[in-house]
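Here is a short briefing on one protein model. Look at the structure first, then read the points below.

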Amino acid sequence: YQGNVEGLCGSHSKDDMFTDASGNVVAGMPKTQWYTNGAVGGIYQSDFANSWKVPTEHKLFTKEECPYSGSTTFTVPEPFEHCPELEETAKKVCPAGAEYDDCVTDVALTCSTAFVQDYLDFDKLPRPPSPYIFRIEAKTANKHFAGIGHHAHPTLIVVFEVNGKWTRPKVFVHHVVHLGHWVRMTYSAAARPTKIKVFNMTEDMYAFHKLNLVDFDGVSTEILNVPPGHAVAIGKKENSEHLKTHVTFDIPEKGKNEGEKGLGLGL
């Protein structure tokens, strides 16, 4: 529904979420909730919400269907204005976490703690696992006859084996690669990968002699480390009988520097 809806709930779009009834984007909208002087008050009410009010002459229902007394000015009350005795209670009973602000807001707005149990029940629900964040880095060969130069624009794609299945392709290199430089890219997956495939999608050859996986906590695991003067090269087979269009490596357990140490090509 992104960009295809409008109204008080916004357009479900990052850049123009709060677009008023005239099509103007209301800038500077706070991210927090009403209780902490956030979106439900201030310009949310005066500039955004009020623009969507239906004037009396355009009312949607008949007087019999819905008695209508005409347009009125709504004033957002101060937090716990009508139930100050519940403020400390709300702060104590609302569960800590991402929903805490919403919970306190509901108590402040309704002057009732009836919603608190819903938040407590929600807090007990299992959460989806957080994505596993890691970085792949490769050191490019430093020999000019490795085929890497300022003119070369190899496009490398990587896929990872995660939980026994291969992920969708992700870009690793998409720009000029300089000799002897590190190339780094950060990824996320459902779990720590156990294998990596590197594909060269262009006619430019790419050669590298170091390949590491760096976990989110900074621990580096060596996947490939061939001696100076040698490298693993991937590219179009017609360029050399030794070339492959892709290579596959096992990823050792975290922190174990037991990556492949074969000689590779003499580059």
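C83 is buried, with a relative accessible area of 1%. Buried means under 20% relative accessible area, exposed means over 50%, and partly exposed is in between, with a 1.4 Å probe and protein chains only. The model is predicted: local features need pLDDT of at least 70, side-chain atom pairs count only at pLDDT 80 or more, and totals for chains, interfaces and linings use all residues. Residues are numbered from 1 along each chain as its sequence is written, and side-chain values use heavy atoms, with hydrogens and water left out.

**Disulfides**

- How many disulfides does a search of the whole structure find? The search finds 2. A disulfide here is a pair of cysteine sulfur atoms within 2.5 Å.
- C83 is joined to C111, with an S to S distance of 2.2 Å. The torsion about their S-S bond is about -80 degrees, so this disulfide is left-handed.
- This pair links distant parts of the chain, 28 residues apart. C83 sits in the loop between α1 (43-48) and α2 (87-93), while C111 sits in the loop between α3 and α4. Helices (H or I, at least four residues) and strands (E, at least two) are DSSP runs, numbered from the N terminus.
- C94 is joined to C103, with an S to S distance of 2.1 Å. The link of C94 and C103 is left-handed, with -75 degrees about the S-S bond. Both C94 and C103 are buried.
- What is the pairing when the bonded cysteines are numbered in sequence order? The pairing is 1-4, 2-3.

**Positive phi**

- Most residues other than glycine have a negative phi. Two residues to look at follow.
- C111 is not a glycine, yet its phi is positive, near 55 degrees. The loop that holds C111 runs between α3 (100-110) and α4 (116-124).
- Is C111 buried or partly exposed? C111 counts as partly exposed because its relative accessibility is 30%.
- N163 is not a glycine either, and its phi is positive, about 55 degrees. N163 lies in the loop between β2 (156-162) and β3 (165-166).
- N163 has 59% relative accessibility, so N163 counts as exposed.
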